[in-house]
Amino acid sequence: MKNLLVTGYRAHELNIFSQKHKGIRYIQKAIINKLIPLIEDGLEWVITPGQYGVDLWACEAVIALKRRYPHLKLSILSAYKEPEQNWKEDKQDYFRKVLAGVDYYAPVSNRPYEGVWQLSARDELLLRRTDGILLVYDEDAGEGSPRYMKEKALKKAERDGYVFISIHSEDIQSIADEEALREHE
């Protein structure tokens, strides 16, 4: 696998409203744990849609991994021009900070948000340009926006052998429990 799509929940779907939320650290650690074996097997690009939540936290994780794996590249392919434009100022600053560590950034549509068709076009492009997906999503914990990407990715997996890797809430909870145990000892 050379190109991997990484996406998942938006921050508000996880009730995370601050970049200081400790759950972000556990999500990033779960992503890193899945990425390292893939990188060591030849993964070259991690590509995200760049939405506020798992996408950007994954970007931060990849930026950190690039120190250890300098060949690894990171890309954000957003659905439309300036997706952060209507975000609060602190989120816009965070997005710009993440963008500084990205190797390639482009909107699929060079227009501002006009409709859901832009999101669909982005998703189709992301699935075409990648060999697999790492999806942070657990419908047992509650449905969310990643459901649509999961459905599309599973259809592509059935048809084309697209690789589907998931991170569930139990994976993240396990990391949190391990860290709590270590801190307690």
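**Reading the pockets and core of a predicted model**

Author: The largest pocket has a volume of about 500 Å³. The structure is a predicted model.

Reader: Which residues lie nearest the centre of the largest pocket?

Author: Start with the lining, then look towards the middle. Here 29 residues line the largest pocket, and Arg-10, Gln-51, Tyr-80, Leu-119 and Arg-122 are the ones nearest its centre. Two or more lining residues come from each of β3 (73-80), α4 (116-129) and α5 (146-160). The biggest contribution is that of α4, with five residues.

Reader: How many residues of that lining are nonpolar, polar and charged?

Author: The lining of the largest pocket divides into 13 nonpolar, nine polar and seven charged residues.

Reader: What is the volume of the second largest pocket, and which residues are closest to its centre?

Author: The second largest pocket has a volume of about 310 Å³. It is lined by 20 residues, and Tyr-9, Leu-14, Ile-27, Ser-169 and Ile-172 are the closest to its centre. At least two lining residues come from each of α1 (22-40) and α6 (169-184), and α6 gives the most, with four. By type, the lining of this second pocket holds 11 nonpolar, six polar and three charged residues.

Reader: Which residues have the most contacts inside the largest nonpolar core?

Author: A nonpolar core is a set of buried residues joined through side-chain atoms within 4.5 Å. In this model the largest such core has 54 residues, and Ile-31 and Leu-35 have the most contacts inside it. The largest share of the core, nine residues, is from α1.

Reader: Leaving aside neighbours within four places in sequence, what is Leu-35 in contact with?

Author: With those neighbours set aside, the contacts of Leu-35 are Leu-4, Val-6, Leu-43, Val-46, Val-62, Leu-65 and Leu-134.

Reader: How many helices and strands are in the protein, and in what order do the elements run?

Author: The protein has six helices and six strands. Read from the N terminus, the order is β-α-β-α-β-α-β-α-β-α-β-α. The radius of gyration is 16 Å, close to the 16 Å of the globule rule for 185 residues, so the protein is as compact as a globular protein of that length.

Reader: What share of the residues is buried, and what share of contacts joins residues at least 24 apart?

Author: Of the 185 residues, 47% are buried. Taking contacts between residues at least 6 apart in sequence, 82% join residues at least 24 apart. Along the principal axes, the C-alpha atoms fill a box of roughly 55 × 40 × 35 Å.

How values were computed
Residues are numbered from 1 along each chain as its sequence is written. This is a predicted model: local features need pLDDT of at least 70, side-chain atom pairs count only at pLDDT 80 or more; totals for chains, interfaces and linings use all residues. Side-chain values use heavy atoms; hydrogens and water are left out. On a 1 Å grid over the protein atoms alone, a cavity is a set of points where a 1.4 Å probe fits but cannot get out, and a pocket is an open set with protein on both sides within 12 Å along at least five of seven lines; lining residues have an atom within 4 Å of a point. Grid points are joined across faces, edges and corners, and a volume is the space filled by probe spheres set on the points. Ala, Val, Leu, Ile, Met, Phe, Trp, Tyr, Cys and Pro count as nonpolar, Asp, Glu, Lys and Arg as charged, and the others, Gly among them, as polar. Buried means under 20% relative accessible area, exposed over 50%, partly exposed in between (1.4 Å probe, protein chains only). Contact means heavy atoms within 4.5 Å. The radius of gyration is taken over C-alpha atoms; the globule rule is 2.2 Å times the number of residues to the power 0.38.
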